[in-house]
Amino acid sequence: MDAPSLTLHQLGWKPFFSEQLSGEDRLHLPARVMSVHRGMVDVVGEGIDGSVSSSLALPVGPLDRPTVGDWLLIDPETRSMARILDRISVFKRPAPGDERRVQLIAANVDTLFIITSCDQDFNVARIERYLVLARDVSVRPVVVLTKADLSSSSEQFVEGARALQPGLQVELINGRDPKSVARLGDYCCAGETVALVGSSGVGKSTLVGTLTGSDRIATQAVRASDGKGLHTTTVRQMYRLGQGPEAGGWLVDTPGMRELRMSEVSLGVAEVFDDILALTLACRFSNCTHRDEPGCAVRAAIAEEAISLTRFERWRKLASEDGVNSSAAAVRRSRAAKGGKRR
């Protein structure tokens with residue numbers, strides 16, 4: 001990729017970022033983070049293509065470090081990061097193994113491809129978790145069903161995915177067939193950014209290779225015993241779709257995440273389960289637990305089969321998980337703030 005020849009528009013620059021620039025900021029070079037490594041990030045902008053330190057001189061919060069998809073302002077003389085521009089969207093989660101930290105997954109994403117396959121990997125609860133994450137940050141979700149060529153009942157998987165939410169866009173593809181994958185092009189036009197998420201072994205790397213026309217993306221076989229695969233992607237990275245001035249947008253590939261913890265995503269939960277939330281507001285008691293209270297609109301809807309018990313239980317689990325983790329996150333921030341004041 002001839003990175004220095006790319007315009008800011010081709011890289012995904014939008015008016016949202018221009019509006020953040022003051023007179024002094026215009027002396028810096030805008031650059032987008034292409035990949036993240038330990039202590040360094042690879043960036044591309046007009047007149048810049050290289051690696052810079054991922055550390056800010058004066059970080060003030062847990063989100064003050066760059067992630068893939070971020071827009072940075074680079075000092076043209078020192079080639080160091082001056083600041084991170086405010087994000088249109090950002091995916092994050094509690095850092096595995098360290099409850100005090102937040103792991104940033106990707107920023108400034110327009111569309112989220114939720115990748116699952118037409119086999120044992122298809123899991124309604126997992127798809128809903130990704131939908132919650134997308135809706136919470138106002139990113140358009142698209143469920144992409146892979147391995148259509150290996151399934152004799154692929155339409156059943158399509159129906160199962162579409163039933164999760166009215167209007168949810170679902171695409172059925174063979175990730176190895178360019179003609180099949182071409183239908184995803186409408187989501188990946190010039191300047192647009194698409195992120196891919198899904199468990200290991202569903203064909204994310206194969207799909208990235210087909211979309212980019214590259215055979216350099218590593219893939220691994222799936223275990224026949226349980227349909228699960230090993231993690232192929234180890235670094236969050238952006239790939240350009242095509243070459244030249246008319247090329248498409250960008251793909252963000254992320255390491256496979258087998259489990260996502262819900263934290264501070266109440267808006268996403270409310271949007272994905274808006275039908276159940278509306279019912280809770282119609283209950284006789286404001287503190288209804290939806291178990292055996294009289295006048296419970298939720299239980300009445302379940303009895304009438306207006307909603308399914310399994311969907312209700314999935315909502316209860318996600319809402320409870322989000323509540324517990326959000327409270328814990330608030331406590332950690334409070335303790336960190338008090339610790340900072342003592343110093």
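Is Glu-305 buried or exposed? Select Glu-305 and look: at 70% relative accessibility, Glu-305 counts as exposed. The cut-offs are these: buried is under 20% relative accessible area, exposed is over 50%, and partly exposed lies in between, with a 1.4 Å probe and protein chains only.

Before going on, note what you are viewing. This is a predicted model, in which local features need pLDDT of at least 70, side-chain atom pairs count only at pLDDT 80 or more, and totals for chains, interfaces and linings use all residues. Residues are numbered from 1 along each chain as its sequence is written, and side-chain values use heavy atoms, with hydrogens and water left out.

**Stop 1: the whole protein**

Show the cartoon. The protein has ten helices and 13 strands. Helices (H or I, at least four residues) and strands (E, at least two) are DSSP runs, numbered from the N terminus. Of the 343 residues, 50% are buried.

**Stop 2**

Strand E2 (residues 40–45) and strand E3 (residues 48–53) run antiparallel and are joined by six bridges. Strands pair if DSSP finds at least two bridges between them. Find Asp-42, which stands opposite Ser-51 in E3. This hairpin has two residues between the strands, and Gly-47 takes a positive phi near 90 degrees.

Next select strand E4 (residues 71–74). Trp-71 and Leu-73 point one way, Leu-72 and Ile-74 point the other way, and all are buried. In a regular strand the side chains alternate between the two faces of the sheet.

Now find the partners of E4. Strand E1 (residues 29–37) runs antiparallel to E4, with four bridges. Leu-29 stands opposite Ile-74 in E4. Strand E5 (residues 81–84) also runs antiparallel to E4, with three bridges. There, Leu-73 stands opposite Arg-83 in E5. The hairpin of E4 and E5 has six residues between the strands, and Arg-79 takes a positive phi near 55 degrees.

**Stop 2: helix H3**

Select residues 124–136. What distance should the 13 residues of H3 span? At 1.5 Å a residue, they should span 18 Å, and the end C-alpha atoms are 18 Å apart, which agrees. The expected span is 1.5 Å times one less than the number of residues.

Look at the N-terminal end. Asn-123 caps H3 there: a side-chain oxygen lies 3.0 Å from the backbone nitrogen of Ala-125. Then colour the buried residues of H3, among them Ile-127, Tyr-130, Leu-131 and Ala-134. After H3 comes Ser-138, with a positive phi near 60 degrees.

**Stop 3: the cores**

A nonpolar core is a set of buried Ala, Val, Leu, Ile, Met, Phe, Trp, Tyr and Cys residues joined through side-chain atoms within 4.5 Å. The largest one has 58 residues. Select Leu-11, Leu-112, Ile-114, Val-143, Leu-145 and Phe-273, which have the most contacts inside this core. H3 gives the largest share of this core, six residues. A second, separate core has 18 residues, including Cys-188, Val-202, Tyr-239 and Leu-251.

Now pick Thr-111 in strand E8 (residues 111–117). Thr-111 counts as buried, at 0% relative accessibility. Leaving aside neighbours within four places in sequence, Thr-111 is in contact (heavy atoms within 4.5 Å) with residues including Val-139, Tyr-187 and Ala-195.

**Stop 5**

Go to Ser-205 in helix H6 (residues 204–212). Ser-205 is buried, with a relative accessible area of 8%.

Select Lys-147, in the loop between strand E9 (140–146) and helix H4 (154–162). Its phi is positive, near 60 degrees. Lys-147 is buried, with a relative accessible area of 17%.

End where you began, at Glu-305. This residue sits in the loop between helix H9 (297–303) and helix H10 (309–342). Glu-305 is not a glycine, yet its phi is positive, about 65 degrees. Most residues other than glycine have a negative phi.

How values were computed:
Polar contact = N/O pair within 3.5 Å; in protein donor to acceptor, adjacent residues only side chain to side chain.
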